[in-house]
Amino acid sequence: MEGLNERQVEAVKSTTGPLLVVAGPGSGKTLTIIRRIAHLIHKGVSPENILAVTFTNRAAREMRERLHALLGAIAYSVFVGTFHLLGLRIIRENTTNKFVIYNREEQADLLQPLLHVSKAKAMEIADKISYIKSRATEPSQELKEVFEKYQTRMTSQNALDFDDLILKPIQLLDNTDLLKRYRANFRHVIVDEYQDINPAQYTLLRLLVGDNTTICAVGDPDQAIYAFRGADVRSFLSFEKDFLGTREVILNLNYRSSGNILGAADRMIHRNTHRIDKEIFTIKASGPLVVVASVPDEEAEGDFIAHEIESRIGGLSHYRLLNQTNERDIVDTPFCFSDFAVIFRTNNQAKAIEERLAETGIPCRILGKGSSDWGPRIYNIASFMKQFMNRTENRDHLFAMNAREFLETIGKDLQYDVDRVNDLAHQMQLIFGNEWTELVAGDMVNELNLLTPSDDFDSRAEVVTLMTLHMAKGLEYRVIFISGVEDGLIPYRTGNASESIDEERRLFYVGMTRAKEELYLIYKRRGVVYGKKTAREPSPFLFDIPASYIERITLPDRPKKLLRKQQMKLF
DNA sequence: AATCACCGGTTTTTT
DNA sequence: ACCGGTGATT
């Protein structure tokens, strides 16, 4: 129990009944899960009897790596994977039929000729179908016909979509013997990011958890930001009713953010209704105030960010230089570009910022849509595979390889890092069992749709990262700039009904709590919306942060030359 | 096969 | 304002 705080120890040791761990941002959530698994194994639990599920490949991989670092090879016997990987394994173990897995694009390709609509429209409908399936509900009257056509088509093509990887196992487990087998196997179940579970996944989980299963759910309802794609935070909130005899542990000690940042975020999120009320504390010193900056327009915003980054690069912490304080917790290491991230609500905000940074000579990259296969390295195995397959002379050769040879080829050809190839091998093992090396590569190619996360990126790259608030979840940076903290953007408003202020507030909370040392909240007084220049108001969420946490900076309207001067005056 | 004018849409996105 | 897709023209 070394290096764990009291609450974490409690979460690690409570292995008898159901356990709900409410884990605030930066509270050592993953550490706690890893140590819980290690604890179970030390107590004599066989690693095969442990199931740890996450929602993203990124999270699963991090967990596998850390578990391996702690336990060595035995870690590979624990099932650590996404819900979809688990579903795939259950399907694999219980059906002999061949099938392919369609991604969103392939779903849209199937829908398009069926409906005679544009690709974009088909994608939209694919999203809707996915939403219906993930909520495990019936399609509405208007969608019913389309939905049924789609299902028929998928069946005839022996295709499963991502949601089927959850729904199909639910059907399969409607079999007492089979259910017994799985329950006997997965005796200890841990679910990470439980606030993001959707009803279909919840149903699968309920099936797997029997009377003798210990279930441990870890998450933070304040970071539930995926309702729009079917996640339902109510599963988290009703956990204690769902699993009788639940013990609840709150991890509220934050190891990430300095005091002012955490205080500001905490007070802000307290305005939400229907919360599990928890106070959070940081072990760090109060640090610099949160900077709330009012800037005239888009260009000024980019320039401001560029300037703030520039002034820290190659020097000591700006805060220390200016204030000559000696707070122990303010890390006394020079900044590098990868210490900074700029985050925003919508992707279209990225371009303007990127331009201004590039102009100042600050290297940056935009994370998200399509960025995974940028650059000299190919990050996406699926796209690599497709290219490889298209070189016809390789095709037969590749199909005939066994799995091990196949992965080795990718090692070489992709200059993939060894860790990644090993991890991929491990995932194969999770799906196919220990005989996976005997498999022929041709059989694995669709599984690969599942194993290729778009969130796969090199975090060590020496650049400033630009991304959406959604993408930022689970990451941390020394300095965070949140751009466009404006009404209409944060919270985002479309005018149609489905929007939730609470969810938008949580999104802002996620953004704020990414910062370790410094946080900038920037709003423009004038912005461009659908090509029209309009006056903008600061986000109403800013008014929920007590003034004592904030330092306000106002950059005047042009001329731009005043910018820097004015800024200096303010310090 | 490539080019271009037009049109519609314009939030977030993992698997 | 601008992007991406579409369908017509070269």
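**Sheets, helices and DNA strand C**

User: Which residue in β19 is the bridge partner of Ala 293?

Analyst: Ile 553 in β19 is the bridge partner of Ala 293. Strands are DSSP runs of E with at least two residues, helices are runs of H or I with at least four, and both are numbered from the N terminus.

User: What kind of model is this?

Analyst: This is a predicted model, where local features need pLDDT of at least 70, side-chain atom pairs count only at pLDDT 80 or more, and totals for chains, interfaces and linings use all residues; side-chain values use heavy atoms, without hydrogens or water. Residues are numbered from 1 along each chain as its sequence is written, while chains are lettered from A and ligands numbered from 1 in written order.

User: Back to β19. How does β11 pair with β19?

Analyst: Strand β11 (residues 290–295) pairs with β19 in the parallel sense, over five bridges. Strands count as paired if DSSP finds at least two bridges between them.

User: What is the strand order in the sheet of seven?

Analyst: The order is β13-β14-β12-β15-β16-β11-β19. The sheet is open, with parallel pairing.

User: Why is one side of β13 and of β19 left without a neighbour?

Analyst: β13 (364–366) and β19 (550–554) stand at the edges and have a single partner strand each, so one side of each has no neighbour in the sheet.

User: By what angle are neighbouring strands turned?

Analyst: By 20° against each other on average, direction ignored. Axes are lines fitted to C-alpha atoms, for helices over the stretch in contact, and angles run from 0 to 180 degrees between N-to-C directions.

User: Which strands does α14 touch?

Analyst: Helix α14 (residues 298–312) touches β11, β12 (340–344), β14 (464–468), β15 and β16 (515–524). The direction of α14 makes about 160° with that of β16. Contact means heavy atoms within 4.5 Å.

User: And which strands does α24 lie across?

Analyst: α24 lies across β12, β15 and β16, at about 130° to β16.

User: Where is Pro 491?

Analyst: Pro 491 is in the loop between β15 (477–482) and α24 (501–512). A cis peptide bond joins Ile 490 and Pro 491, with omega about 5°.

User: New topic. What is the order in the sheet of six strands?

Analyst: β3-β2-β6-β7-β1-β8, again an open sheet with parallel pairing. The edge strands are β3 (79–82) and β8 (247–251), each pairing on one side only.

User: How many bridges link β2 and β3?

Analyst: Four, with β2 (residues 50–54) and β3 paired in the parallel sense. In β3, Thr 82 is the bridge partner of Thr 54. Helix α3 (residues 57–71) packs on this sheet, touching β2 and β3.

User: Which residues are around DNA strand C?

Analyst: Gln 112, Ser 118, Lys 119, Lys 351, Tyr 530 and Gly 531. A residue is near a strand if one of its heavy atoms lies within 4 Å of it.

User: How far is the polar side-chain atom of Lys 351 from a phosphate oxygen?

Analyst: A polar side-chain atom of Lys 351 lies 3.3 Å from a phosphate oxygen of DNA strand C.

User: What share of the DNA strand C atoms within 4 Å of the protein belong to sugar or phosphate?

Analyst: 56% belong to sugar or phosphate, and the rest to bases.

User: Last one. Where is Ala 136?

Analyst: Ala 136 lies in the loop between α6 (119–134) and α7 (141–156). Ala 136 has a positive phi of about 55° although it is not a glycine.

Definitions and conventions
A polar contact is a pair of N or O atoms within 3.5 Å; within protein, one must be able to donate a hydrogen and the other to accept it, and residues adjacent in sequence count only if both atoms are side-chain atoms.
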